[in-house]
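Hello,

Here is the structure for you to look at. My notes on what was found in it follow below.

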Amino acid sequence: MWRSRSQKWSLICPFFFIILIHSIAIFLFTRGFLLTRTELPHSSNCSDIAQCPCVSLPRDEDNPLPNQTCWTESSIDRLVIIVLDALRYDFVAPSTFFKDKKPWMDKLPVLQKLASEPGLSSRIFKAIADPPTTSLQRLKGLTTGGLPTFIDVGNSFGAPAIVEDNLIQQLVQSGKRVVMMGDDTWLQLFPHHFEKSFPYPSFNVKDLDTVDNGCIEHLLPSLYEENWDVLIAHFLGVDHAGHIFGVNTIPMIQKLEQYNNILEKVVEALKAQSGPGGLHENTFLLVMGDHGQTLNGDHGGGSPEEVETSIFAMSFKEYRFALPSELDVSACGVNLDGKKICISYLEQVDFAVTVSAMLGVPFPFGSIGRVNPRLYFLGAGSLFSKCNDMKGCENSSYLEEWMQHYVNVLCINAWQVKRYLDVYTASSVIGFGSEDLLRVADVYSHAQGYWSDVGKDSSSCTMGCYDSLLPAMKMQVDAYLKFLDSVIELARSKWTEFNLKLMGVGLSVIFASLFIQLIAIKRLNKFCGSSFLSAGHTEDSANLILALIVVLIRACSFLSNSYILEEGKVAMYFLATIGILELRYSIMTMKLLSEATLSLILVCVLRFIMEFGLSKQAASSLDLASILEIAQHHRVLMYWSLILPILPMILLAYLSHKCVAGRSERRIQIYVVNGSIFCYMLIASHWVVESKVIHVPLLLQHIGRNCIPRLIYAAGFSQLASLGLGCLFCRSTTSDYQRDLIVNTVAMLSACSSTIILLLGRQGFLIAVATIVAAWCIMRLKNLRPAIGNGTSSNLTFYLLPVTKWNLLAVCLFFCTGHWCAFDGLRYGAAFIGFDEFILVRQAILLAIDTFGFSHILPIFGLPLLVAYRFPNEQINAGKVSIFLQLSQVYLMYGFLTSISATFSTLCVAIHRRHLMVWGLFAPNLKHHNMNHFQQALTSKMISKTSMDGSPARYPTPVQSGTHLLHSGRSIYLISLPQPERFGAAIRQ
Amino acid sequence: MKKRSDEYSVQNNDTMKVSAFGALWLHLMCGFGVAIAFWVAHQFYSINLISDPAHSLLLVWIVECPIVILLYSLLRDNSAECSYLKAVGRGILGLPAGALVIALGGIALGAPIGTRYLLGTINWSLLMSLFTFAPAAAVFGSSWADWRRIFANTRPVGSVDYMLCLPAHGAVIGSWFGAWPMPLDWERPWQEWPVCVTYGGLAGYVVGMVASLCFVIFSSRRPQQQHVKAE
């Protein structure tokens, strides 16, 4: 049959080659695009300070370590952190700081009043967060003092718990008792760290009050207890109000007013107990936002509105000296009452290390922040209070003593950051550039050189000579700050910038692969013996041009975020356009009129199904299945909701039975198809048990819920296995290759279908029938054009339009089945059909099957039908070689189409890499398309081998689930990302 | 092919009667109808396409409907056998039928479904039907061959065919392109569902009218050649 084995291999080789090139390209591109940061498992210890070159404070030699001192002397005893999620800067700052007053400003007057009272030591800070500004990333950044990227290598994919060293861990290590209340994200991040916790679920965005009320309930009583050292209360109301209503709305203002009341009470309670010997004698209060939000309540990106938030810090001590102005970056103005109010500046990276310094715990290992002078100054009250009694210390000596202290802290800080840099470079895969490191090390040694001078002086000096030291210390502080600034600049460039070179190379390789695919298609054309674009058939070339235009426009649509957002509708638009043009053509030639009409009607039906599927995006889960479930209140409707999906099931079973009936020569295939029909019945009974229409005993219910799905998975697997073995051992003897191919393909499809339908839920059968009808229409309609048997036109022109339609249909199906291209577009419910507990690999496989089932697995396995049904009327019994050639060409074309989408989404990601929505939208799309392509390429290779060669059908499931693991892992991070819907400023230019 | 051209030649006797001036007059009336409707909407109801698409579209098609159907009925086929009133009746029947087809096509192409858009969709498809199917219904009635010639084959023969075919195709293609800016996130009011598609349709209609006028003038100058070509 085969002239030679080498010829067959020369046909299969291009598939391997293309896959190889594509993987290389995607690997290169993602290396440049996905910013990665390695998480180090190290953590700081109290004893590490021995390695520090800094001379510590002039302590008494006989009493080396005061009780509570570790790295730094603890200056506060207790800390209350109140986190108000998505607290915009202008919620806190007085409206006089802005050009015009907006309704949501000045709604937290208690903070402004406290900050402007001259006697009290409190201050409002403008805090700058680093993108990504999602709560989870921000909490991570705040506690570790680092710059979390979206993919922190070393993180476990399933649980987002922080493995890096962080503030909370240091607190626990130092024996501080931490109490948490509010947002349960904290518990995800720190599962075992809290002494006591009162978590409330954060995922229900529509619920403005549960978390807040829970917080309030526990917060105020806790203030009168003494069984904690650090209290964290995380309020979510403002974030949720923003997501649902937006900033300029009444619910938002009500929330802010409520917070004002709570904060008043908190401050009152703290103040009342802040007297000498009181519970809160040395308590520090922080009211802070984790990130800002836009006026529409979105956050996640790097626009000023999103990154600007604020921190209000308050100590209940009074100070009599002021911080030197060089260290205090602040803007002063008057508030509404005409009092002077100053607002300082802080970066959120600095938060962890500053709080650690104040509490006297070791700095988190991976922190790259610096101790903020102003915030540290506010908290350093207790260190100098002793001076009050000893002698009449005047202002300047306080200041000097504090400066001395601060220089020391900065020295430790600089040492810790330097240590982190060194360890990071040594242990991570992609470290910092050596040039940058040298430069930073230079700055450090420079600063350290200063230090040894100052340190020598100060140790030899008594209290009296501080005056002379003040300028030297200021220089010292400047030197350290310079070092720390250069480190953070380096870190930002490393962790928030892309590697353009790698991206460029990856892109060009992808484009090269497109050309290679084109060449491969052309080459196959030659094999077929027909010339490329044989002239004379205007209708044929019109066909070709139509397909090319559609593909081209669709590819270009991937360059715009709006069209990506509506990708399903765009695909539908083109499918309908082709449908209308074909209807027109079929009217013109009076051929296949009913098929053309049917296909157009079917597009309408799919459109309706998609509308229901897509409306799930708008928070409320309104897919077809849940609409059916809503009907449960009505008895009659309930039965209908059961019968409705079962009707298409019967149809499907009938169709698949009909396809293989009367072909006794292929035993295995018939068994497989019959097995699938049996599976369909099992699925129906599963739904009956699930829906609780009929009261079934508990045992039966359990069987129905869990055993039946498992049985179906097992059946599907064994069907596939038997098909593969059947292909391997039973060489077909028939000469009717076309029918052989059909039976093979139908058996394969039916083997896959039962699992996929089960995972998809009740709308599964309906969509399956719609798919079959649509596919049938495509197969029939391709015969609108004159067939090629006589060599008048090439395979290319003949197949390109049907393959394009097939591709568009697959894309539409992806969206019809309730998915969309975002990480939260995964249907997590599907992963738990048949299983109650979570095992990562198993659930990831199920999720992958669900996600790619209808849109990739079935269309790709079904593609041979397009070739097999080619000659319905003309009894040209095409030989094996001819069919194989056509098959591989069809697969190459399909691969070409998907790789065009993949290429253009990659290009789009490269162009929009600074775009706000890169992570929310483009990246999933890129992943989706690339994965598409991989899968498709793999499967096509397998199929083309299987169907003709008779070699075992291996399935790309391992590869697929492997990539998907990555997918679902990332999605956990991204799930908190709000639906990004508009252009915004670029991420940190 | 031979048979089809026979059909055309039968047509030709009737269709040649429209002069270039008549075509100009008809197209101008149709164009002015739309313009007047917008003016009325703006002046008396103080609505426009953007502020209230559904009702302005309603107004436009109500104003345009008598103009189009009455005018095109003058050009009816076989005027000897078919009375003027019958042609008008055909046109009025063709209006909702064409609207149904257009609405289905629109939904297949992605027109939003939902009660909020229902009125807009209905009025838009009625207007589009006035641009495309209603005049053809008035002229041809139920002559399947003529319909096929105009809309499937796009082989207009004679001035009436041009006047039917080109504006209709223009309106449909214009609407098709008009849908392109819809998904973009510029958040402009005119990106709402029937608005930009209507703009596209109107623009395409105008272009089609101008083109058909050009063809009519061109063919009326060389009537002999046109006849030969049709044969």
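In helix α2 of chain B, these residues are buried: B:Ala23, B:Leu26, B:His27, B:Cys30, B:Gly33, B:Val34, B:Ala37 and B:Ala41. Please keep in mind that this is a predicted model. Among the elements that cover the buried residues of α2(B) are α3 (53–73), α8 (158–178) and α9 (193–221) of chain B.

The length of α2(B) can be checked. This helix runs over residues 20–44, which makes 25 residues. At 1.5 Å a residue it should span 36 Å, and because its end C-alpha atoms are 35 Å apart, the two values agree. Just after α2(B), B:Ser46 has a positive phi of about 45°.

Next, the record. An unreviewed UniProt entry places the feature "transmembrane region" at residues 21–42, 54–75, 87–111, 117–140, 160–179 and 199–219 of chain B. For residues 160–179 of chain B, the span is 95% helix and 0% strand, with end C-alpha atoms 29 Å apart. Residues 199–219 of chain B are 100% helix and 0% strand, and there the end C-alpha atoms lie 30 Å apart.

Last, the two chains. In the contact between them, 23 residues of chain A meet 13 residues of chain B. On the side of chain A that touches chain B, the elements giving two or more residues are α19 (561–565), α20 (567–589) and α21 (593–614) of chain A. The largest share, ten residues, comes from α20(A). By type, the residues on that side of chain A are 13 nonpolar, three polar and seven charged.

Regards

Technical notes. Residues are numbered from 1 along each chain as its sequence is written. Chains are lettered from A and ligands numbered from 1 in the order in which they are written. This is a predicted model: local features need pLDDT of at least 70, side-chain atom pairs count only at pLDDT 80 or more; totals for chains, interfaces and linings use all residues. Two residues are in contact if their C-beta atoms, placed from the backbone, lie within 7 Å. Helices (H or I, at least four residues) and strands (E, at least two) are DSSP runs, numbered from the N terminus. Ala, Val, Leu, Ile, Met, Phe, Trp, Tyr, Cys and Pro count as nonpolar, Asp, Glu, Lys and Arg as charged, and the others, Gly among them, as polar. The expected span of a helix is 1.5 Å times one less than its number of residues. A residue is buried if 20 or more other C-beta atoms lie within 10 Å of its own, exposed if 12 or fewer, and partly exposed in between; C-beta atoms are placed from the backbone. UniProt positions are given in the numbering used here, feature names are shortened, and annotations may be inferred rather than shown by experiment.
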